[in-house]
Amino acid sequence: MNIELLQHLCEASAVSGDEQEVRSILIKTLAPCADEISFDGLGSFIARKGTRGPKVAIVGHMDEVGFMVTHIDESGFIRFTTIGGWWNQSMLNHRVTVRCRSGAKIPGVIGSVAPHALTEKQKQQPLSFDEMFIDIGANCREDVEKCGVFGW
């Protein structure tokens, strides 16, 4: 098993609709041993070896669920929307990586208003994703934008 390849694939950014990082790893890895590399209309990666004999398909998803930045508030907290199927109750306190347009990757964590600032009714209900934010340790919107993160 190629642990290094597996690590690169697992650490690659591949939110649905933006799987280019995984696709690039596959091209680099398989080009030396494939006779042909192509892509279908949906962006699937196809590597062929030979033209005769049995056919074997290795099938897997290149994409993953993720988030997209929608807004950065004045305090430097990043608001987001979900991409793919997320369950609100499992999102809070997740470590995330914010990938900038430049390709830079910034670590963050999903947070929310502190429990002591919630009403008793709010404490009894799961938070919706629009009540959460990503915290990258910035002090203000300008600090977030200096890192290369921008909202819509």
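A search of the whole structure finds 0 disulfides, a disulfide being a pair of cysteine sulfur atoms within 2.5 Å. The structure is a predicted model, in which local features need pLDDT of at least 70 and side-chain atom pairs count only at pLDDT 80 or more, while totals for chains, interfaces and linings use all residues. Residues are numbered from 1 along each chain as its sequence is written, and side-chain values use heavy atoms, with hydrogens and water left out.

The cysteine distances were examined next. For Cys33, the closest cysteine sulfur is in Cys10, 20 Å away, so the gap is too far for a bond. Cys33 is partly exposed, because its relative accessibility is 42%; this class lies between buried (under 20% relative accessible area) and exposed (over 50%), with a 1.4 Å probe and protein chains only. For Cys140, the closest cysteine sulfur belongs to Cys147. That distance is 9.9 Å, again too far for a bond.

The chain holds 4 helices and 7 strands. Both are DSSP runs numbered from the N terminus: helices are H or I with at least four residues, and strands are E with at least two. Read from the N terminus, the order of elements is α-α-β-β-β-β-β-β-α-β-α.

The overall dimensions follow. The radius of gyration of the chain is 20 Å, whereas a compact globule of 152 residues would have one near 15 Å. This radius is taken over C-alpha atoms, and the globule rule is 2.2 Å times the number of residues to the power 0.38. Along the principal axes, the C-alpha atoms fill a box of roughly 70 × 35 × 30 Å. Of the 152 residues, 27% are buried. Among contacts (heavy atoms within 4.5 Å), those with a separation of 6 or more were considered; residues 24 or more positions apart account for 50% of them.

Two loop residues were also examined. Thr51 sits in the loop between strand S2 (45-48) and strand S3 (66-72). Thr51 is exposed, with a relative accessible area of 80%. Its C-alpha atom is separated by 41 Å from that of Trp86, 35 residues apart along the chain. Asn93 lies in the loop between strand S4 (78-83) and strand S5 (95-99). Although Asn93 is not a glycine, it has a positive phi of about 70°. Asn93 counts as exposed, at 59% relative accessibility.
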